[in-house]
Amino acid sequence: MPASTPHALVIDRRHMLVLTAGACSLGLSGHAFGQAYPDRPIRLTVGFPPGTGPDTVARIVSQKLVERLKQPMTVDNRTGAGGQIAVQGVAKSAPDGYNLLLAEVGSISIAPAAFDKLTYDPLKELIAVSEVARADFLLVVPTQSPVKSAAEFVQAAKARSGRTNFATFGAGTPGHFGAELFAAQGGFKIEPVHYRSTGDAVTAIVAGDVEGAFVTTALGSAQVKGGKVRALATTADARSKLLPDVPTFAEVGMPKVDFSSWLAFFVPAGTPEPVVATLNRAIVEAMRDPQVKDRLEESGFRVIGSSAADAAKMVRSESQRWGQIVKATGFKGN
């Protein structure tokens with residue numbers, strides 16, 4: 001970043017990003033929103049490693065939040081268990097507005113239905129502040145696969161003796177249950193192959209170790225353009241600007257395969273309403289910033305920035321929907 005930028009970025013060996021606003025150069029204070037909050041640094045916890053989709057969103061948006069809240073913000077990559085460790089940490093933290101979480105559908109709306117021993121209840125222990133972005137998925141196959149369309153994938157899967165191997169980025173992720181949804185719609189069976197990391201799963205797809213996978217457009221578009229995998233369809237309701245030649249599932253006759261991975265900001269239950277309002281206002285303003293919007297769209301995300309009430313409604317709806325999908329598969333994790 002150029003020296004003239006009014007933020008200092010420091011990345012330490014634990015992958016934590018500290019964003020510090022220039023002294024009074026932005027002309028704002030915590031009282032600009034009519035509240036004493038915030039008057040000290042804020043920690044933003046993300047449950048995924050640097051370079052992943054959630055981390056990308058956190059780092060882009062947090063830079064603008066620093067400008068609006070006029071306090072330093074630390075992005076803490078607390079990884080493990082598909083984001084569940086990060087959610088648990090924030091859910092049990094002080095409800096004072098200084099412990100912010102960026103979480104996705106898997107750890108919030110899927111995990112409660114999929115895992116018996118979950119140590120948190122997101123609907124009771126967290127407050128949704130704002131939904132900020134969505135990542136749609138691509139059905140991809142190895143480039144050496146003879147399958148050229150979603151219809152051909154279904155035909156091949158039905159003709160195959162046994163189940164179709166499908167890579168996932170972990171049990172309980174949207175890619176996992178999205179694959180189960182696709183199989184149910186197509187009338188075939190899959191064998192989920194759960195990999196420890198995104199990189200391992202992508203390597204397996206490229207090598208042809210599995211028949212297919214669902215990857216986010218944010219991740220998959222570069223792999224498709226690089227000729228490493230072939231995209232057959234997207235779960236979005238419209239074709240992606242990044243891959244305009246890839247049809248939607250609705251276009252190929254499977255409109256119910258319409259899932260996505262959303263990202264939203266949360267704070268612990270009990271956080272004062274004025275603090276939630278202040279954070280929501282700052283987040284929504286950040287999402288409207290042209291620079292933020294352009295950078296996220298270039299990374300394959302749909303930009304949102306909702307009210308706290310709409311975010312809460314979305315989380316409840318998604319939890320119900322994914323709960324039904326998980327129940328239909330019969331999956332239960334520890």
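Modeller: Let us take Arg302, which counts as partly exposed at 36% relative accessibility; buried means under 20% relative accessible area, exposed over 50%, and partly exposed in between (1.4 Å probe, protein chains only). This is a predicted model, in which local features need pLDDT of at least 70 and side-chain atom pairs count only at pLDDT 80 or more, while totals for chains, interfaces and linings use all residues. Residues are numbered from 1 along each chain as its sequence is written, and side-chain values use heavy atoms, with hydrogens and water left out.

Colleague: Which residue forms a salt bridge with Arg302?

Modeller: The partner is Asp136, and the closest N and O atoms of the two are 2.8 Å apart; a salt bridge is a side-chain nitrogen of Lys or Arg within 4 Å of a carboxyl oxygen of Asp or Glu. Helices (H or I, at least four residues) and strands (E, at least two) are DSSP runs numbered from the N terminus.

Colleague: And is Asp136 buried or exposed?

Modeller: Asp136 is buried, because its relative accessibility is 8%.

Colleague: What does Arg78 pair with?

Modeller: Arg78 makes a salt bridge with Asp76, where the closest N and O atoms are 3.4 Å apart. Asp76 is buried, with a relative accessible area of 8%, whereas Arg78 is partly exposed at 30%.

Colleague: Where do Lys293 and Glu297 lie?

Modeller: Both are found in helix 10 (residues 290-298), four residues apart, which is about one turn of the helix. Elsewhere, salt bridges that share partners bring Lys64, Glu67, Arg68, Glu285 and Asp289 together in one network.

Colleague: How many salt bridges does the structure hold?

Modeller: There are 16 salt bridges in the structure.

Colleague: New topic: what does Val284 touch?

Modeller: Val284 touches Ser130, Gly305 and Ser306, when residues up to four places away in sequence are not counted; contact means heavy atoms within 4.5 Å. Val284 sits in helix 9 (residues 273-288) and is buried, with a relative accessible area of 11%. The C-alpha atoms of Val284 and Val129 are separated by 9.8 Å, although these two residues are 155 residues apart along the chain.

Colleague: What about the protein as a whole, say how many helices and strands there are?

Modeller: The protein has eleven helices and twelve strands, and 52% of its 334 residues are buried. Among the contacts with a separation of 6 or more, 78% are between residues 24 or more positions apart.

Colleague: And what pLDDT does the protein average?

Modeller: The average is 89, and 90% of the residues score at least 70; pLDDT is the predictor's confidence in each residue, from 0 to 100. Over residues 1-35, however, the pLDDT is below 50, and this stretch has 65 contacts in the model beyond near neighbours in sequence. Where pLDDT is low, the predicted coordinates should not be read in detail.
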